Amino acid sequence: MTVSRCLLLISLLSLGTGIARAEQQFSWGGFLSAAYLDVSDNSFYGYDSGDSGPLLEAGLHGYWYLNRYFSVSGLVIARESGDWFESGLEIDYLNLTTQLAETESWSASVQLGRFKLSNGIYGATRDIPFTRPSIVMPQSIYHNIFREQNLRADGVRFNLSYWTESNQEITFSASVGKEPLDESFSRRFFGPEQGGEFEADWNTSIGLRYRPSSAWLFGFDYRRLKLSLKDEIVIPLPISETQFAPVPVDFYFDTDQYLLSVQYSQRYFEITSELTVREGGTYANSDSPFGGFVTPAFDGSTDMQAFYLQGVAYVHPQWQVLLRYDRVHFTESDIPRNLKDLHDVVIGASWQPTNDLLVRLEHHWLTGTSTLPPINDLPPVSSTYNPERHWRMFALELSYRF
Amino acid sequence: MACRQGRIITRWSRRSTLRSVLISALFLLVLQTLSTVAHATSGLWVVTNSLNSVALTERQIKTIFSLKQKSWPNGSPIQIVVLPQNDILHERFCLDTLDLFPYQLNRIWERQIYTGNAIAPIVARSRKQLLDYVLTHPNAIGYIDSEVSDDSITLFAID
């Protein structure tokens, strides 16, 4: 089913909504969103699809309350967002939730199936136009290149919440799962010609949230992410002036990521900052007798420090103004300058004339090309895809929810 | 009339007849004389269907409207019905009762809903539609800003 058919189907469903769409034990809803990204240079949006293009998103969620102990829920998303990503339908989550306990002061539950990962303040709902802070998320924490890897996993997730009489709240989550990966991630990693699908290990994540009052929110997340691409990379190794020996290699990406979040909320403004430290690297193995000549080229560091500082002013019940500084910095010294850093200054505004409609626009001034696909955007390839150090991006989005 | 845990909350059901109004007025007068119950000065009431007979504390109201408590004591799912985010009554309810700004509550809801953890609240277009929904759905809970005399609903006055 094409994206346009998915969008049409979800549009028709939205026409039938109203106050009757949550009847007793089942509720459903969704959203439709159309945006246009106008990018001055570089391949943030796509390679064959052009630097600029539309971003179409639609989602349909359902929640089925079986009894006080069990529920089933899911979200299907249709996306068209340039050729760095697959177009069409994807199951965002689909799981069985077991409510282990629910009292006046705490609750505990386990989700089995495909679940959302705990990943910062906006990570779990970054695809929901009404929830994310901007059309293009801060790339320091929510890189586009790792979109699926930071969104969801197949496995099991445990949730524990505790809240006090004075309305303080502590939430803890832990999960073990495999992130679903498609061929587009291989393209984002090694370029458009790369085929095959990465496979995730059983990766772990831990999330902790503490809300001491309505004004403050603190968060900490830890994630282990190990991915591998096997039997898909073959390096032609010259063994004479006219002969090449094909050397197959298995590639690995292995990192630990720590994320700190803080948010200060008042009636007319909100300040948010998130900081991440990532440690790890890439490497390759090969069974070929010539493997030792090839695999060192895949050794690399993914050590990174990144943060953003964001202010949102609620100037009117229908109007918001956004200002953000976003910075990515890879710590390895031998990374080319453009790939080492990314600075993004964003100014944006949103208008929500009704509960269901949202209009958003924003402008980005960017310096550097770090985190842009393909990840191994090394010379001479870099001059093809992301040659410009200074570039701009304008985005306009219309969203509707039902 | 019941009073539970300090600030919370007066609870009563009333008949839509003159007699019930008079009885209720007399009842309130007695209580005022005894000075045992705080006045409901905020002009806000949480409203539930009388078929679902429960007593709610302030803490429970907060956890229910934050989509954390999801079931009634009888095991049926809680269905929240609210007014649009920009409605002045919704804003008052968020600030006075939940101690949250409306945009914060909305974000909490979206996070719960879009991670598969809760039934989405119903958004009524008007106060009348909200009340009608509670009247016709035993599992519903909402809020209003004026007293209503109807056997079918239970009011919890927010102090």
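Mentor: Start with chain B. This is a predicted model. Of the 159 residues of chain B, 43% count as buried. Its secondary structure comes to 5 helices and 6 strands. Along the sequence they run β-α-β-α-β-α-α-β-α-β-β. Take the contacts in chain B between residues at least 6 apart in sequence: 70% of them join residues at least 24 apart.

Confidence is highest in strand β3 of chain B (residues 79–82), at a mean of 95. The lowest mean, 45, falls in strand β1 of chain B (residues 10–12). Residues 1–14 of chain B have a pLDDT below 50, yet this stretch has 38 contacts in the model beyond near neighbours in sequence. Residues 27–40 of chain B also stay under 50.

Now the core. The largest nonpolar core has 56 residues. B:Trp45, B:Val46, B:Val47, B:Ile80, B:Val81 and B:Val134 touch the most other members. Strand β6 of chain B (residues 153–158) gives the most to this core, with 5 residues. Look at B:Val134 in detail. Leaving out residues up to four places away in sequence, B:Val134 touches B:Val47, B:Thr48, B:Asn49, B:Val81, B:Ala140, B:Gly142 and B:Ile153. Another core, of 25 residues, lies apart from the largest one. Its members include A:Tyr122, A:Tyr142, A:Phe330 and A:Leu342.

Helix α4 of chain B deserves a slow look. It covers residues 102–113, which is 12 residues. At 1.5 Å a residue the helix should span 16 Å, and its end C-alpha atoms are 16 Å apart, so the two agree. The buried residues of α4(B) are B:Pro102, B:Gln104, B:Leu105, B:Arg107, B:Trp109, B:Gln112 and B:Ile113. They pack against α3 (88–98) of chain B, and also against β3 and β12 (244–265) of chain A. This helix therefore leads us across to the partner chain.

The contact between the chains takes 36 residues from chain B and 37 residues from chain A. On the chain A side, β2 (26–39), β3 (53–65), β4 (70–80), β5 (88–102), β6 (106–116) and β7 (152–163) each supply at least two residues. The largest share, 4 residues, comes from β5(A). By class, that side has 12 nonpolar, 19 polar and 6 charged residues. For the model, the scores are ipTM 0.83 and pTM 0.84.

Now chain A itself. It has 5 helices and 19 strands. Its radius of gyration is 22 Å, close to the 21 Å that the globule rule gives for 402 residues, so chain A is as compact as a globular protein of that length. Along the principal axes, its C-alpha atoms fill a box of roughly 75 × 45 × 45 Å. Buried residues make up 41% of chain A. The mean pLDDT of chain A is 89, and 92% of its residues reach 70 or more. Residues 15–20 of chain A stay under 50, with 5 contacts beyond four places in sequence.

Helix α2 of chain A (residues 183–190) has 6 of its 8 residues buried, so it is largely enclosed by the rest of the structure. Those residues are A:Phe185, A:Ser186, A:Arg187, A:Arg188, A:Phe189 and A:Phe190. They pack against β11 (216–238) of chain A. Just after the helix, A:Gly191 takes a positive phi of about 110°.

Finish with the backbone of chain A. Most residues other than glycine have a negative phi, and most peptide bonds are trans. A:Asn167 has a positive phi, near 75°. It sits in the loop between β7 and β8 (169–178) of chain A. A:Asn167 is partly exposed, with 18 other C-beta atoms within 10 Å. A:Asp231, in strand β11 of chain A, has a positive phi near 60°. A:Asp231 is exposed, with 9 other C-beta atoms within 10 Å. The peptide bond from A:Pro373 to A:Pro374 is cis, with omega near -5°. A:Pro374 lies in the loop between β18 (357–367) and α5 (382–385) of chain A.

Terms used. Residues numbered from 1 in each chain as written. Chains lettered and ligands numbered in written order. Predicted model: local features only at pLDDT ≥ 70, side-chain atom pairs only at ≥ 80, totals over all residues. Contact = placed C-beta atoms within 7 Å. Nonpolar A, V, L, I, M, F, W, Y, C, P; charged D, E, K, R; others polar. Buried ≥ 20, exposed ≤ 12 C-beta atoms within 10 Å, placed from the backbone. pLDDT = per-residue confidence, 0-100. Core = buried A, V, L, I, M, F, W, Y, C linked by C-beta atoms within 7 Å. Expected span 1.5 Å × (residues − 1). Rg over C-alpha atoms; globule rule 2.2 N^0.38 Å.
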